[in-house]
Each structure stands twice: as structure tokens, then as C-alpha cells.
Amino acid sequence: MEEEYQQQAKKSSSRFKRVCVFCGSSPGKNPSFQLAALQLANQLVERNIDLVYGGGSIGLMGLVSKAVHNGGRHVLGVIPKTLMPKEITGETVGEVRPVSGMHQRKAEMARQADAFIALPGGYGTLEELLEVITWAQLGIHDKPVGLLNVDGYYNSLLSFIDKAVEEGFITPSARSIIVSAHTAHDLMSKLEDYVPKHHDAVSKLSWEMEQQLGYTTTKSDIAR
């Protein structure tokens, strides 16, 4: 009984209530991508963390959402109405929140999440990832941003970012926004320990996210 209590206490010790996962609507060719998606889902379930994601039921999105939902955690899918016929097949997973467009989707996912993680994906995943990194750099939020670099999938991206630091386009403190690891367990551990190091003057600005995104979410909503 004592051991069971300690295990349950360990499960509930995460600093995050809900994590946003960006990932592909395709499963990818490498089976390691699918395995990593399931391992990440298991990490969320073990740590009693709910999921917010792009709302699709196919590809890596479908694997992550179904595994988290089957593990007993709440799943919130935010998806533009126009993409529902394409990215949702069969039964929906958890709670589905339709929105008017891509800008509102990203703002709502950001508002709901305490941290962000990117699995392998394509243009959409990269765009979502880079936007929340940029928001962190601008001081719109200080939530951790994680990159699950499965089998070196994101090595080229990380090399590009390091090159941008070397050439003076990204500051070293802004480089520290990105937390990367090769396994879901290691990434979650790093995100739990993350402390923001970027303190740009821009972070003191207060503007309406409505102006940036065309969506009535304020800086304080995203940063909550």
C-alpha cells in the first residue's frame, strides 16, 4: 500500500496540467516516429497530464490523442472547421473544439497549454513550433518548448538555428528557448526543469493578440 501511494504521488508530481503536442497528420515512413508518439503519450498519462493538439484522428496526431485518451486523460482537439473532413476519420477523440481558422487554432492551443512539444511533422508542425518559439522570444509567454528529436529528425533544424546564433540573427539566450531530447522521457524531464533565460526588452510590451492573430486573445491569456 505504501509503495502504491508513493508511485501515485510520483505520477501526480508534474508542473504541467496540459501539454500541447504539434505533430504530423501523416505517420511518417520511419516506425520510430510512431513509437515515439506512443511513448510521449505514455509519459503524459504517467504524469497525469492532459493533451491539447490539432484535433486530427490520423497520422501521429491520431496515435498520440488515442493513446492519451485511452490512458484516461482529457484530450482537447482544436481544429479549423474546413479541415475536419480531411483530418478526422471515424470517431472523434476526446473533446473536439472547432474554430474558424488556423490563426484561431494556434492561439487557442497556446492559451490552453502549459508547455509545447513538437514530434516529427511537416510544414504545419514547423510553422506551429516556430511561432510559439517566436512568441516566447517576444515575451508573449514563458512556457517551455520541447523538440522530440527522434532518430535525429530535427538535426538539420537545430544546426540551422545554431548557425543563426553564430551569424548574429538569434541571441544565445533566445536559443535556450528550445529544449530538445531524443526520447520522450528525457524531454519531459528537461521540460519539468526548464527555467526561462531570455529577457528581451520586447517582453515588457503589452499588446492585443487580436492585432497579431486576428483573434481576441490577449498576451495575458497566452501567458497564463
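Author: Start with aromatic pairs: rings of Phe, Tyr and Trp (its six-membered ring) pair if their centres lie within 6.5 Å, with planes under 30 degrees apart counting as stacked, over 60 as edge-to-face and the rest as tilted. By this rule the count comes to three aromatic pairs. The model is predicted, so local features need pLDDT of at least 70, side-chain atom pairs count only at pLDDT 80 or more, and totals for chains, interfaces and linings use all residues. Residues are numbered from 1 along each chain as its sequence is written, and side-chain values use heavy atoms, with hydrogens and water left out.

Reader: What makes the pair of Phe22 and Phe116 stacked?

Author: The ring centres of Phe22 and Phe116 are 6.0 Å apart, with 10° between the planes. Phe22 is in strand β1 (residues 18–22) and Phe116 in strand β5 (residues 115–118), 94 residues apart. Helices (H or I, at least four residues) and strands (E, at least two) are DSSP runs, numbered from the N terminus.

Reader: Why are Phe22 and Phe116 called buried?

Author: Buried means under 20% relative accessible area, exposed over 50%, partly exposed in between (1.4 Å probe, protein chains only). Phe22 has 4% relative accessibility, so Phe22 is buried. Phe116 has 1%, so Phe116 is buried too.

Reader: Why is the pair of Tyr153 and Tyr154 called edge-to-face?

Author: Their planes stand at 85° and their centres are 4.9 Å apart, so the pair is edge-to-face.

Reader: How do you know whether Tyr153 and Tyr154 are buried or partly exposed?

Author: Tyr153 has 36% relative accessibility, so Tyr153 counts as partly exposed. Tyr154 has 2%, so Tyr154 counts as buried.

Reader: Why is α2 called oblique to α9?

Author: Helix α2 (residues 31–46) and helix α9 (residues 184–192) pack at about 45°, with axes 9 Å apart. That angle makes α2 oblique to α9. Angles under 35 degrees count as roughly parallel, over 145 as roughly antiparallel, 65 to 115 as roughly perpendicular and the rest as oblique. Axes are lines fitted to C-alpha atoms, for helices over the stretch in contact, and angles run from 0 to 180 degrees between N-to-C directions. Gln39, Leu40, Gln43 and Leu44 of α2 meet Ala184, His185 and Met188 of α9. Contact means heavy atoms within 4.5 Å.

Reader: What makes α2 and α3 roughly parallel?

Author: The axes of α2 and helix α3 (residues 59–70) cross at roughly 30° and come within 8 Å. The angle therefore puts α2 and α3 in the roughly parallel class. On the α2 side, the contact includes Phe33, Ala37 and Leu44; on the α3 side, Leu63, Val64 and Val68 are among the residues. By class, this contact has 11 nonpolar, one polar and no charged residues.

Reader: Why is Val75 called buried?

Author: Val75 has 1% relative accessibility, so Val75 counts as buried. Val75 is found in strand β3 (residues 75–80). Not counting residues up to four places away in sequence, Val75 touches Leu51, Tyr53, Ser65, Val68, His69, Val93, Gly94 and Glu95. The C-alpha atoms of Val75 and Gly94 are 4.9 Å apart, though 19 residues separate them along the chain.

Reader: How many of the 224 residues count as buried?

Author: The share is 48%.

Conventions: Nonpolar A, V, L, I, M, F, W, Y, C, P; charged D, E, K, R; others polar.
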